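Please describe how the secondary-structure elements of this model are arranged, with the criteria behind each term stated where it is used.

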Amino acid sequence: MTNLPIRKVLQKPDVVGRMVRWVVDLYEFDVQYEPRGPTKGQVYADFVVELSSAATHQEGAGFKWVLFVDGSSNQQSSGVDVILEGPDGLLIEQALRFAFKASKNQAEYEALIVGMLLAKEMGAKGLVAKSDSLLVTGQVTGEYQAKDPQMAAYLEYVQVLKGTFEVFELAHVPREQNARADLLAKLVISGKGGR
């Protein structure tokens, strides 16, 4: 016997009544069902290909994507904000709230990793990342050692991701120059934004 989900629906009288009302109401409009098909996925695929090809074309001239990252953490939650600037004024912004508890430094590393993965997915060959975390930038550039095992694991993963770019730079910027990412990261953990 085949799996018929409609059978489960038809066993509920209130749902059947609602469906009958819809049939009667929509009958006069000659509405016919057409399956959606793969259009939705194809539109997304076309969008990514279009952005990637534009970026590849621009990068031939030494173009570098610019990434602003910031992580934030408090007693209740933690989250990150990533702002990626690409060719032709392209601006991608991601605000994420974590389902796990993270320290401020862990959130900063998570932000950098999320941003690097996003840039890699967009086809960036050259990336300039900017963070207001002195610890993270110092560890990634080799100025500081990562003594904590968790920080060492984050650092190791960032080093692997660095290798996927032809050019990668990480610069420490004052909080004022990273104000938008900082504000959005704080907004995420306040419960007013992000997913």
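Helix 4 passes helix 5 in a right-handed crossing, a crossing being right-handed if the near helix is turned clockwise from the far one by less than a right angle, and left-handed if anticlockwise. Helices (DSSP runs of H or I, at least four residues) and strands (DSSP runs of E, at least two) are numbered from the N terminus. The contact, meaning heavy atoms within 4.5 Å, is made by Asn105, Glu108, Tyr109 and Leu112 of helix 4 together with Leu135, Val136, Gln139 and Val140 of helix 5. These residues divide into five nonpolar, two polar and one charged, where Ala, Val, Leu, Ile, Met, Phe, Trp, Tyr, Cys and Pro count as nonpolar, Asp, Glu, Lys and Arg as charged, and the others, Gly among them, as polar.

The model is a predicted one, in which local features need pLDDT of at least 70 and side-chain atom pairs count only at pLDDT 80 or more, while totals for chains, interfaces and linings use all residues. Residues are numbered from 1 along each chain as its sequence is written, and side-chain values use heavy atoms, with hydrogens and water left out.

Helix 4 (residues 104–121) and helix 5 (residues 134–141) pack at an angle of about 60°, with their axes 9 Å apart; axes are lines fitted to C-alpha atoms, for helices over the stretch in contact, and angles run from 0 to 180 degrees between N-to-C directions. The two helices are therefore oblique to each other, since angles under 35 degrees count as roughly parallel, over 145 as roughly antiparallel, 65 to 115 as roughly perpendicular and the rest as oblique.

An open sheet of five strands has the order 3-2-1-4-5, with mixed pairing, and two strands pair if DSSP finds at least two bridges between them. Strand 3 (91–97) and strand 5 (167–172) stand at the edges with a single partner strand each, so one side of each is left without a neighbour in the sheet. The twist averages 15° from one strand to the next. Strand 1 (residues 65–73) and strand 4 (residues 126–131) pair in the parallel sense over five bridges, and Val69 has Ser131 in strand 4 as its bridge partner.

| Helix | Strands touched | Direction angle |
|---|---|---|
| Helix 4 | strand 1, strand 2 (78–85), strand 3, strand 4 and strand 5 | about 150° with strand 1 |
| Helix 5 | strand 4 and strand 5 | about 140° with strand 5 |

The protein contains seven helices and five strands.
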